[in-house]
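User: Please take a close look at the ligand site in this model. I would like one connected account of what surrounds the ligand and of the backbone around it.

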Amino acid sequence: MPQNAAVTERTVAVLAGGLSHEREVSLRSGRRLATALSEAGASVREWDVDAALVERLRSDPPDAVAIALHGGEGENGSVQAVLELLGVPFVGTPAQACRRAWDKPTAKAELARAGLDTPDWVALPHTTFRALGAQAVLDAMVDRLGLPLMLKPDQGGSALGSQVVKERAELPAAMVSCLAYADTVLAEHFVAGTEVAVTVVHDGKEPRALPPVEVDAGGVYDYTARYTPGAATFHCPARLDDMTLAALAETALAAHQLLGLRDVSRMDAVVDGDGRVQILEVNVSPGLTETSLLPTAVRAAGMKLGDLYSALIERAVARR
Ligand SMILES: Nc1ncnc2c1ncn2[C@@H]1O[C@H](COP(=O)(O)OP(=O)(O)O)[C@@H](O)[C@H]1O
Ligand SMILES: [Mg+2]
């Protein structure tokens, strides 16, 4: 029997595009996923997320939807909520858990409460700086988190608006750039160490972690480093000792379960100087482009992207 016997009978709608800052990346993820699923034998449509989507889902319902959206409606739970409303099965995390994972400070608070490590942080809406005086608040931030510190939008992806602040004098301008992407800034202690991404997939009986991918971007893994082939170097499995690799897998699985994630997720983390896994964030809709981390882990695990997603689609259909 061919490996993907079931998926050859499936119609799958791959959702990609949308109006977020990550539209271009999403279109590339969607293309890649659509090709992989077609090769596995599924009948695939590629749909953008626009005013025609609900009508399409109603008039031509696919067996399941696979979401390749990044940075907006497809990660914050909105598209998931609409799919739940329409009763269309989809691969991935339910709406409510997406919302929680998408908001970095909310997710960090949950992880920290459960005893997992995440860099010390403060999240402040832009209004606070006006109300309490930017100078005083920024000073308090530096006193607590130290320098360098990391600034990022509380919600978002692809490191858009994120930056390292090395000196106090750089902070006001960095805040302004960050606030162009969000109303609330997440300031974090900067963790020096080895950057890793761990994909969790639930394609069998239990969720499992794929081999950790080490990212060497020669600094912050920013937008250019992510989507320019060759700009970052990957090692999979990461060049870390077995104990640390095991801790990474365990932490990614714990975060996946704690935050109520489903089918697939990717934890971004830094292993600090003491060998501790510091969780930066957990993604419900990991990138699937040629240079993305999930496909790298899938390859290293000896799997094919199309086979993995075929299995996830069967799980989604079974939930109907
Ligand atoms: N606290 C931190 N310490 C060190 N580097 C960080 C920290 N937070 C983020 N980074 C760097 O910035 C990148 C983006 O941060 P992340 O929290 O994963 O947000 P995004 O949703 O944009 O991927 C990471 O891949 C990492 O290179
Ligand atoms: Mg990330």
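Analyst: In this predicted model, the space that ligand 1 takes up is the largest pocket. Domain 2 (100-117 + 192-302) and domain 3 (121-189) both contribute residues to the shell around ligand 1, so the ligand lies between these two domains.

The shell can be described by its members, its classes and its secondary structure. There are 19 residues around ligand 1, and those that come nearest are Lys104, Lys152, Ala159, Glu188 and Glu195. Sorted by class, the shell holds 8 nonpolar, 4 polar and 7 charged residues. Three strands each supply at least two residues of this shell: strand 6 (149-153), strand 8 (184-189) and strand 14 (277-283).

Next come the contacts made by the backbone. Ala159, one of the residues that come nearest to ligand 1, has a backbone N or O atom 2.6 Å from an oxygen atom of the ligand. For Gly156, a backbone N or O atom lies 3.3 Å from an oxygen atom of ligand 1. On its own, ligand 1 has 540 Å² of accessible area, and the protein covers 98% of that.

Most residues other than glycine have a negative phi, and most peptide bonds are trans. Ser158 is not a glycine, yet its phi is positive, at about 55°. Ser158 is placed in the loop between strand 6 and strand 7 (163-165). Strand 6 is also one of the strands that supply the shell around ligand 1.

One joins Leu147 and Pro148, with omega about 0°; Pro148 sits in the loop between helix 7 (134-145) and strand 6. Another joins Cys236 and Pro237, again with omega about 0°. Pro237 belongs to the loop between strand 12 (233-235) and helix 10 (242-258).

Terms used: Residues are numbered from 1 along each chain as its sequence is written. Chains are lettered from A and ligands numbered from 1 in the order in which they are written. This is a predicted model: local features need pLDDT of at least 70, side-chain atom pairs count only at pLDDT 80 or more; totals for chains, interfaces and linings use all residues. Side-chain values use heavy atoms; hydrogens and water are left out. A residue is near a molecule or strand if one of its heavy atoms lies within 4 Å of it. A polar contact is a pair of N or O atoms within 3.5 Å; within protein, one must be able to donate a hydrogen and the other to accept it, and residues adjacent in sequence count only if both atoms are side-chain atoms. Accessible areas come from the Shrake-Rupley method with a 1.4 Å probe; for residues, only the protein chains shown count as cover. On a 1 Å grid over the protein atoms alone, a cavity is a set of points where a 1.4 Å probe fits but cannot get out, and a pocket is an open set with protein on both sides within 12 Å along at least five of seven lines; lining residues have an atom within 4 Å of a point. A molecule sits in a cavity or pocket if more than half of its atoms lie within 2 Å of its grid points. Helices (H or I, at least four residues) and strands (E, at least two) are DSSP runs, numbered from the N terminus. Ala, Val, Leu, Ile, Met, Phe, Trp, Tyr, Cys and Pro count as nonpolar, Asp, Glu, Lys and Arg as charged, and the others, Gly among them, as polar. Domain bounds come from an automatic or database domain assignment.
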